[in-house]
Amino acid sequence: MAAVAAPVAQPRASSKTESFVDNKRKEDIRLANINAARAVADAVRTSLGPKGMDKMISTASGEVIITNDGATILNKMEVLQPAAKMLVELSKSQDAAAGDGTTTVGVIAGALLKQCLTLLTSGIHPTVISDSLHKATAKAVDILTAMAVPVELSDRDSLVKSASTSLNSKVVSQYSTLLAPLAVDAVLSVVDPAKPDLVDLRDIKIVKKLGGTVDDTEMVKGLVFDKKVSHAAGGPTRMENAKIAVIQFQISPPKTDIEQSIVVSDYTQMDRILKEERNYILGMIKKIKATGCNVLLIQKSILRDAVTDLSLHYLAKAKILVIKDVERDEIEFITKTLNCLPIANIEHFRAEKLGHADLVEEASLGDGKILKITGIKDMGRTTTVLVRGSNQLVLDEAERSLHDALCVVRCLVNKRFLIAGGGAPEIELSRQLGAWAKVLHGMEGYCVKSFAEALEVIPYTLAENAGLNPIAIVTELRNRHAQGEINAGINVRKGQITNILEENVVQPLLVSTSAITLATECVRMILKIDDIVTVR
């Protein structure tokens, strides 16, 4: 029986009427993307603010991490959906740009996506929403800048207050009185007067050492190594008036370039080999000693042993203190601190390439030992922070919290403005953008109004996480801001609304502006995606 083909509706060439286009797939993809990204945002939402919850992350290797740092939580999550991965990247961007506000940026993005979903359901085109969000962000940054209070780097108290605010939402918040001033001093000590707006956090080295409590954390004006001195052959462990060389060559017998074995048939030849080895090493050590060098920092070698027992024995005889296995990526920091040059070949070993310090000594700390180099002559603009902790979980979290505090101070060096915390700037933005939306015409005003409503998620979440009544608190907050109290915010400790600036809850302007700008960028990107193509 012949199969009859179903009649196919041919589109007319000159159809003047609007043709039907199937947008169902595009809407489904957009919906799936928005829901996936919102799920990720909701995962970190509960850890916002000083009363936020902590997350316990268990990795595949069995490692356990306890943290409420948004960037760390998202980084450790195994996210498979491509749009949800964008939220993880968003958190990383905020971490790189400002260092703090990594949870905030995720929460704002989640709230914006929720509002976008409502707008899309109302039939507004994604491009219109995207352009309106862009306009609203520019206006939001202007409003925030107008609210900000200028700050000088000489005003140490203000810097300490903003670092404390950052630390108050961390697991180690009870140590904020110690860590905040420490972070401020560390950053100010590495600011170069020639480039006062730039701070490179690589100039601050954080060394973690298990044992003691976070109270024992200290800033060291010099270098600290989490390794002990090589005293295999009874060499010195303390050196005053040290002349320090950082070497990148090996003090051990040379190897052949190709893999081969040498067969020795009699003892006289074996003696000759050993004698040559001894002479070769002795020759090197004599050249080192001739320059007056008495402390050697030896870079880790992957080709062959950096030092052998024989060379350690001769170095001990020459009264040279040896620190071996220095990591390659630490060399730049060490040479900058000691104001010396790394030496790549024994032939280039000269006195002018050495660094000078008053004291190099080994000290016992906790279970192990550390090496301290202090009193460095012409020291570079670097500093070292020695972080202590009773267990690995606390130690890791203390390091992450200190990094956030350092980033906050760096933000203030880059852009010297402070802004109130506690949800005050978000509510003020929401109020002013809401008023601005009424002036705008058409769809644009509608979209800006939704943007303004989305920003209320921050004070709402802060109140919710603190166990307060979020609706009552946010309503009262709106009322206070409408009366002109632009610095009124949620005081989660007292459970009421107070002037947050007077309570010393402040944050850098850069953290807020960067969070809103980056969150909007990410949301606009997700909105513009209408298909996912998988390439196998």
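**Cysteines, a sheet and pockets**

Biologist: How far is the sulfur of cysteine 447 from the closest cysteine sulfur?
Modeller: The closest cysteine sulfur belongs to cysteine 116 and is 8.0 Å away, which is too far for a bond. Please note that this is a predicted model, in which local features need pLDDT of at least 70 and side-chain atom pairs count only at pLDDT 80 or more, while totals for chains, interfaces and linings use all residues. Residues are numbered from 1 along each chain as its sequence is written, and side-chain values use heavy atoms, with hydrogens and water left out.

Biologist: How many disulfides are there by your rule, then?
Modeller: The count is zero disulfides, where a disulfide is a pair of cysteine sulfur atoms within 2.5 Å. Cysteine 340 is likewise in no disulfide, as the nearest cysteine sulfur, that of cysteine 293, is 10 Å away.

Biologist: And is cysteine 447 buried or exposed?
Modeller: Cysteine 447 counts as buried because its relative accessibility is 1%. Buried means under 20% relative accessible area, exposed means over 50%, and partly exposed lies in between, with a 1.4 Å probe and protein chains only. Cysteine 340 is also buried, at 8%.

Biologist: Changing topic: in what order do the three strands of the open sheet lie?
Modeller: The order is E3-E14-E17, with antiparallel pairing. Strands (E, at least two residues) and helices (H or I, at least four) are DSSP runs numbered from the N terminus, and two strands pair if DSSP finds at least two bridges between them.

Biologist: Which strands stand at the edges?
Modeller: Strand E3 (149-150) and strand E17 (506-508) do; each has a single partner strand, so one side of each is left without a neighbour in the sheet.

Biologist: Which residues of E14 face E3 and E17?
Modeller: E3 and strand E14 (residues 417-420) pair over two bridges. Valine 149 is opposite leucine 418, and proline 150 has phenylalanine 417 as its bridge partner. On the E17 side there are three bridges, and isoleucine 419 stands opposite glutamine 507.

Biologist: Does Gln507 turn up elsewhere, or rather, which residues are closest to the centre of the largest pocket?
Modeller: Gln507 is among them, with Gly49, Pro50, Thr165 and Gly422, out of 46 lining residues. The volume is about 760 Å³. On a 1 Å grid over the protein atoms alone, a pocket is an open set of points with protein on both sides within 12 Å along at least five of seven lines, whereas a cavity is a set where a 1.4 Å probe fits but cannot get out; lining residues have an atom within 4 Å of a point. Grid points are joined across faces, edges and corners, and a volume is the space filled by probe spheres set on them.

Biologist: Which helix gives the most to that lining?
Modeller: H6 does, with five residues. Elements supplying at least two residues include helix H6 (156-167), H11 and E17. The lining has 17 nonpolar, 21 polar and eight charged residues; Ala, Val, Leu, Ile, Met, Phe, Trp, Tyr, Cys and Pro count as nonpolar, Asp, Glu, Lys and Arg as charged, and the others, Gly among them, as polar.

Biologist: How many charged residues line the second largest pocket?
Modeller: There are 14 charged residues, beside six nonpolar and four polar. That pocket has a volume of about 600 Å³, and its largest share of lining, five residues, comes from H11. Leu201, Arg202, Asp203, Ile204 and Lys205 lie nearest its centre.
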